[in-house]
Amino acid sequence: MYSEKVMDHFKNPRNMGEIEGAKGVGTVGNAKCGDIMRMYLDIDENGVIKEAKFKTFGCGAAIATSSMATELVTGKTVQDALKVTNRAVMEALDGLPPVKVHCSLLAEEAIHAALWDYAKKNGIVIEGLKEPVEDIEEIEANKSEI
């Protein structure tokens, strides 16, 4: 059912925890399944994500997608991190069962929520970034990447 990569990121999550004084923090959830994901980003003066961490309350797939998402954005510019989609997270994990695709969407939206917080705190606009939703159920049905 789950790939070896999903199981590895679930059993051995990378970058779990908080970043004190994070430059951007975003929290999203899914009321339907009860998953909640919080993403922390430490972003340097050049707009490069130096560190990403997460705290997730949810199933194994939610933890695995959180873990992978932090790996995918670390070292990237803010603009490049914005391009990390739910599909990219799923592909990096060698896929997810159809009933768990929403977990990858949660990861994408957590990244966007943290970037939104960073932009708001710094009075900047990140081209292409839209205001995040707190509950991904609002956008899940309309997401073309799924």
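Helix 2 has 14 residues and spans 20 Å from its first C-alpha to its last, close to the 20 Å expected at 1.5 Å a residue, where the expected span is 1.5 Å times one less than the number of residues. The model is predicted, so local features need pLDDT of at least 70 and side-chain atom pairs count only at pLDDT 80 or more, while totals for chains, interfaces and linings use all residues. Residues are numbered from 1 along each chain as its sequence is written, and side-chain values use heavy atoms, with hydrogens and water left out. Helices (H or I, at least four residues) and strands (E, at least two) are DSSP runs, numbered from the N terminus.

- Helix 2 is mostly covered, with 11 of its 14 residues buried, where buried means under 20% relative accessible area, exposed means over 50% and partly exposed lies in between (1.4 Å probe, protein chains only).
- Among the buried residues of helix 2 are A61, I63, M68 and V73, and the elements that cover its buried residues include helix 1 (4–11), strand 2, strand 3, helix 3, helix 4 and helix 5.
- Helix 1 packs against helix 2 at an angle of about 90 degrees, with their axes 8 Å apart; axes are lines fitted to C-alpha atoms, for helices over the stretch in contact, and angles run from 0 to 180 degrees between N-to-C directions.
- Where these two helices meet, V6, H9 and F10 of helix 1 face G60, I63, A64, S67, M68 and E71 of helix 2, contact being defined as heavy atoms within 4.5 Å.
- Just after helix 2, G75 takes a positive phi of about 90 degrees.

- An open sheet is formed by 3 strands in the order 1-2-3, with antiparallel pairing; two strands pair if DSSP finds at least two bridges between them.
- Strand 1 (24–30) and strand 3 (49–57) are the edge strands, each with a single partner strand, so one side of each is left without a neighbour in the sheet.
- Strand 2 (residues 35–43) is joined to strand 3 by 8 bridges, and the two run antiparallel; D42 has E51 in strand 3 as its bridge partner.
- Helix 2 (residues 60–73) packs on the sheet, touching strand 2 and strand 3, and its direction makes about 175 degrees with that of strand 3.
- Helix 5 (residues 101–122) also packs on the sheet, touching strand 1 and strand 2, with its direction at about 145 degrees to that of strand 1.
- I36 is found in strand 2 and, at 43% relative accessibility, counts as partly exposed.

- Leaving aside neighbours within four places in sequence, L115 is in contact with L41, I43, V78, A81, L82, I126 and L129.
- Just after helix 5, G123 takes a positive phi of about 65 degrees.
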